[in-house]
Amino acid sequence: MPNTNIQGLNYSDSQNELVSKLNNNFDELIEFHGGVQGNIGPTGGDGAIGLQGLIGNSGITGPRGSRWFVDPSQPGGTGTYAVEGDYWVEISTSKIYIFTDSGWQDTGYTLSSQNILFRDVAYTSIGGSAGTSITENQNSPSLYTFVLGDQSPEIAPLINKELSKFEISTDTSINDGGLLEFSKSDQEDGSISDYSSHPIFSWASPSSTSSDLNLDVLGGKFSIGGSGGIEVSASDITMDSATGITFDGVYTVQATGGINLNFPLGTTTILSANLDTGATFTSLTKSLAISPTLTTSTPSIYISSGATGALKTERAADTFDDISHSVYNVMLESNGATASESQFFIDTKGKIKTNKVDGGITYPSSIPGATAQYGANFVYWYLLARTSSPAASSNVNTYRPFPLTSGNIAVINPYTSNRYVGIGIYSDSNYSWGSTGGLERGQSIKVSAYCSINPASSSTNSSGFKYIGYGKNSSNITSVTTLPFLATSVDFVISRGATGSGTSVDYLAYGNTGGSGGSFYFDI
C-alpha cells in the first residue's frame, strides 16, 4: 500500500513554501499515496518542567545516641535520665559504667591510678569569680605524664617522664605544623589576620632527624628577662634579622649588669652592612668614633701585640698613582678642627706633615758638662746626652752632660771666663745614643745645638762654638776638631751601625763667617 506523505507547516515558512506544501498535501490526500519517505528530522528540545508532586510522610525517629555522664552518684534510670548504651564516670573512683537493661554495670575500665587522675575542682579566682578546672594530682609525678599526640607513644615508648607534667608528641610526617599556639580569647575573631599574629611553637623542619625548634612571635615583640641574669649555652649562636640587630639596652637586649659575650672555643661572626667580624679580621665600612671618659693615666686606645706588627693602615685597590697628598690614612685633629687645621698627617704616599714642632727645646744650664785642656787652650765642653742625666748645678765643679729631655734641639748660653767652648756628643754607656733604650741598630737621629749670646748674664760669654768632639769627662774628650770660625749652630746626625755597637756622628757647623762639616766614630 502506498504511503501518504504529508508535509508539516511551520511559522517560519514563506508564502511560496506554504503554497507548495498545501498543494502537495492536497494531491497526497486525493491520490491517497505518497512518494518516497523522507529523512527523520532532528530531535526537538526538552519541554517545560512539570508541577511538583506532594511531600511524602516523615520517617520514624531513630534511637538517641549514647551519652557520657560525669557525676558523684549514678544518673537516673530508663525513662528519666539515662538510656541503654549511656556511660557514667564516677568522680570518686574514676570507674566507667555502662547502662544496660539491668541498670548500671561496671565496664572494668577506669581513669584512676593510685589517686584520682582527673577531677573537677571548684575554685575561686583572685578576682573573686568562681569556676571549675581540671587538675592532675599524683603522689609520684615522675611516673605519670599527660601526653597529647597524633600517634600513640606506646608504639615507641621513648618519652622522658622524669618529673614531666605536660608533653606534646607529634609525628612530623603527619603533622609538620605548629606544636603549641597562643591566642587571646577576648581578642580572637577567627579572621586570617588574627591567626597570623599568634605566637607559636613549631618544628623548624618536618624531617624526623631534625630537633630544631622555633618560637615565632608574629604579632609583637619577644622579650626575655631574668632578675638573676640570663645564660645561653649553645654550640652555635646565630642572630639574623631582616631589619637589623640593635644592642641598645632598651629594645633588643636589656641588662642592668652589662652584657658579656664569651666564645672561648668558637668564632664570633657578625655580618652587617657596616660591621663584618670574621675568624681572622674585623672591618668597618663607617668611621669609628672613640670618645672615652678616662683618667689621665689611661690611654683611649691601647695596643699590646706580640706579633711583628700591631697596627697597620692601608687603602684597598690603590696604586701609587691613585693616592695623593690630600688623602690621609692617619690624621690627628684638635676638637672641631678642619682638615687644614689638623696637627699631624700621614698621607697615602707615606709623607708626614705636622703643623707643630716635632719636639720642645732644651735649655741646659750655662755650666759646662766637662772641661779639658786641648793644646794651649782650656775648653769648656757642652756634651749632648740622650736622656736621664740632669744638667749641671750652680756648683762649677759638678760637670754633667746635657740631656735632650724636651726634644732634639738644645739652646746653650755658655759660661766661659774667657775660655774656648766645645760642643759634642756624650759617649758614656749610661746615657749614650747606642746603648739600651737608645738607637736600635740601623737607626739614626738628628739633633741641633745653638749658641745663645746673652751679655746681660755674663760679659765673658763666648759668641760661638770653637771645638767639636765627643766624650764624657776631661780625660777622654777625643776626636776633637778645631773650627776655623765660631759656630753659632751645629747639626748632628747620629747613626748606629747595622751590626755591632759602633756609632758614627756627622756634623755641619754654621757661623757668621762660614760653615764646616765632618764626622767621627765611637764604639759605645
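Me: How does one read burial in this structure: does P414 count as buried or exposed, and why?
Reply: P414 counts as buried because its relative accessibility is 0%, and the cut-off for buried is under 20%. Please keep in mind that this is a predicted model. P414 is found in the loop that runs between β22 and β23.

Me: What share of the whole protein chain counts as buried?
Reply: The protein chain has 524 residues, and 22% of them count as buried. The chain exposes about 36,800 Å², with 51% of that area supplied by carbon and sulfur atoms.

Me: How many helices and strands are there, and what share of the contacts joins residues 24 or more positions apart?
Reply: The protein chain holds two helices and 28 strands. Among its contacts with a separation of 6 or more, 41% are between residues 24 or more positions apart.

Me: Which residues have the most contacts inside the largest nonpolar core?
Reply: A core is read as a group of residues, and then by its members. The largest nonpolar core has 29 residues, and L384, I423, I425, I468, V490 and F492 have the most contacts inside it. Strands that each supply at least two residues of this core include β20 (377-385), β23 (420-426) and β25 (465-471). The strand that gives the most to this core is β26, with six residues.

Me: What is I423 in contact with, once its neighbours within four places in sequence are left aside?
Reply: The partners of I423 include W381, Y382 and L384, as well as I412, A449 and F465. Also among them are Y467, I468, G469, V490 and F492. A second, separate core has ten residues, including A370, W381, Y426 and V480.

Me: Why do L271 and V70 fall into their accessibility classes?
Reply: L271 counts as exposed because its relative accessibility is 66%, and the cut-off for exposed is over 50%. V70 counts as partly exposed because its value is 48%. L271 belongs to strand β12 (residues 270-271), whereas V70 belongs to strand β1 (residues 68-71). Beyond residues up to four places away in sequence, V70 touches V89 and I91.

Me: How does distance in sequence relate to distance in space for V70 and I96, and for L271 and T282?
Reply: V70 and I96 are 26 residues apart in sequence, with 9.4 Å between their C-alpha atoms. L271 and T282 are eleven residues apart in sequence, with 10.0 Å from C-alpha to C-alpha.

Me: Finally, how much space lies in the second largest pocket, and which residues lie nearest its centre?
Reply: Rolling a probe the size of a water molecule over the atoms shows where empty space is left. In this structure, the second largest pocket holds about 840 Å³ of space. Its lining has 16 residues, and L288, L311, K312, T313 and N329 lie nearest its centre. By class, the lining has nine nonpolar, three polar and four charged residues.

Methods
Residues numbered from 1 in each chain as written. Predicted model: local features only at pLDDT ≥ 70, side-chain atom pairs only at ≥ 80, totals over all residues. Heavy atoms only, no water. Helix = DSSP H or I, 4+ residues; strand = E, 2+ residues; numbered from the N terminus. Buried < 20%, exposed > 50% of the residue type's maximum accessible area, 1.4 Å probe, protein only. Contact = heavy atoms within 4.5 Å. Areas by Shrake-Rupley, 256 points an atom, 1.4 Å probe, with all protein chains shown as cover. 1 Å grid on protein atoms, 1.4 Å probe; cavity = no way out; pocket = protein on both sides within 12 Å on 5 of 7 lines; lining within 4 Å. Points joined across faces, edges and corners; volume = space filled by probe spheres on them. Nonpolar A, V, L, I, M, F, W, Y, C, P; charged D, E, K, R; others polar. Core = buried A, V, L, I, M, F, W, Y, C linked by side-chain atoms within 4.5 Å.
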